Amino acid sequence: MSATALPGLCQTPGRRDAFFWLGEINKASAVINTDEGLLDRAAAPRIAAGLQAVLDAGARPGAQRPNLVITFEPLLIEAAGVEATLLHAGRSSQDMLATVRSAMLRDELLRMAAQLNRVTATLVRQAEQHGTTVVPNYTNGVAAQPNSYGHYLLGHVAGFERDAERLRQAMARLDLSPMGTTVLNGTSWPLNRERMARYLGFPGTVDNAYDAAQILAAEMPVEIGAVVSGVALHVGAFIEDVMQQYAQPRPWILLREGDGNTYVSSAMPQKRNPGLLINTRADASRVIALGFGRLIQAHNIPPGMSDAKGIGDNTEVIVAATRMLASFDRVLNALVINPERALEELNLDWTASQEVADVLMRQYRLPFRVGHHFASEMVSHARAHDIAPSDFPYAEAQRIYAETLRHEMGVEGGVLPMSEAEFRATLDPVSIVRNRATAGGPQPAEMTRMIAASQGALAAQDGWIRDRQGRIDSALATLDADFRRLLNTAN
């Protein structure tokens, strides 16, 4: 599977609100309790018809779509009479709203998962395109070593793949039905919790009735907040790396101008401010603030309190993360790399100096620390005399090497074992990247392997999303068909 085949990643359905899910729960209760003798078969069709009337009314533009059990039920009573409250047998607003929240959070997580996969696919595609583009990488804010830009991107891909893994793990804990647990210890009504779960697209039920609405309901938003905060950390780190280039008069990576990516200063005509980067970074900061807020709201409250359960705040953190990822994908597609300028920056600095020490140790068995000292002294001399790596005199390198061996090892008359040609090749950033031998490095064979692995992970994640979306959609279609059969008995 090629990276270019990945943009057709699956899409998630339109948003299903609390009113929708309260309707689905009531439809499932009507069907299940009728089939299992908990609801009078004579009354069930009239109740179902009243419920359908409420749902039809709610579908009209500008209509009421109540999001609480206590505001939904009066509409049902008005449409079908007080007899409609027979649907409430063995139920509570606690387990109903816990189920509504889980279903809505599940939808938003799948939407976010699809957007995260699109971002990762963009990174993989660009890594494939830039496998041989050599650029500086930085540690502690300072140019450190040359690297393939594609390899750098795959490093970020690895982080987003872990984010996707954490999202799947959170989904496994969220994607369980609380319905039938009532308030905290179940009910004397013999409800079929498993069938209810299947109708609502859940693969199983929350096992402990107390846990369902009291512990898990407050815990899951905190876990989700942590997952999306991790994604935002990765987005922010990438953007800050790019932003460092904007402080330079001649960056090697920039946003393509136009399309709202950049904007001009009102006073300084030379400026092209990276608005898209700034806005996406602000989005990431907001996601982290919202994610940490889930922990603050859940902190130091006893079980049963509603502080941390509000669906608005808890869905907004995922919605905000999805928006952030969409903006970040736009950033990735707007980046322009200047390979010549990147190579020029590498050759202006001494990012290849570690390779000198490595070659002396690997090829000539010189202790690494001695080779490191030799390379460090060479860099100090070059900076003191404004000498670029490509212009460093070979004779000066020989002199420094002899002095280093005398000071470090007590060896007189030490001769630099590298020929001038080898010395020059060792300082070539392109050769350094190409000749890496470590598994997981930027050399072509490893890049091919890692790109293929990432493409496989993308396909697997896409399949995971499709499977869960398909299960939910199929379950709701089955519920709708069974409910319509119940409705038809009223005619």
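## Terms and basis

A cavity is a set of points, on a 1 Å grid over the protein atoms alone, where a 1.4 Å probe fits but cannot get out; lining residues have an atom within 4 Å of a point. Grid points are joined across faces, edges and corners, and a volume is the space filled by probe spheres set on the points.

This is a predicted model, in which local features need pLDDT of at least 70 and side-chain atom pairs count only at pLDDT 80 or more, while totals for chains, interfaces and linings use all residues. Residues are numbered from 1 along each chain as its sequence is written, and side-chain values use heavy atoms, with hydrogens and water left out.

## Largest cavity

The structure holds six cavities of 30 Å³ or more. The largest cavity has a volume of about 130 Å³. It is lined by 15 residues, of which Ala98, Ser102, Leu174, Leu216 and Ala217 are the closest to its centre.

At least two residues of this lining come from each of α4 (93–129) and α7 (209–243); helices here are DSSP runs (H or I, at least four residues), numbered from the N terminus. The largest share, five residues, is from α7. By class, the lining of the largest cavity has eleven nonpolar, two polar and two charged residues. Nonpolar means Ala, Val, Leu, Ile, Met, Phe, Trp, Tyr, Cys and Pro, charged means Asp, Glu, Lys and Arg, and the others, Gly among them, are polar.

## Second largest cavity

The second largest cavity has a volume of about 100 Å³. Of its 13 lining residues, Ser29, Asn33, Met179, Leu191 and Met196 are the closest to the centre.

Helices α1 (18–35) and α6 (193–199) each supply at least two residues of this lining, and α1 gives the most, with three. The lining of the second largest cavity divides into six nonpolar, five polar and two charged residues.

## Contact of α4 with α16

The axes of α4 and α16 (residues 444–488) come within 10 Å and cross at roughly 160 degrees. Axes are lines fitted to C-alpha atoms over the stretch in contact, with angles from 0 to 180 degrees between N-to-C directions. The two helices are therefore roughly antiparallel (an angle over 145 degrees). Their contact has twelve nonpolar, six polar and six charged residues.

## Salt bridges

A salt bridge is a side-chain nitrogen of Lys or Arg within 4 Å of a carboxyl oxygen of Asp or Glu; by this rule there are 29. One of them joins the side chains of Arg106 and Asp175 at 3.0 Å, N to O. Arg106 lies in α4 and Asp175 in the loop between α5 (149–174) and α6, 69 residues apart.

Key
1 Å grid on protein atoms, 1.4 Å probe; cavity = no way out; pocket = protein on both sides within 12 Å on 5 of 7 lines; lining within 4 Å. Parallel < 35°, antiparallel > 145°, perpendicular 65-115°, else oblique.
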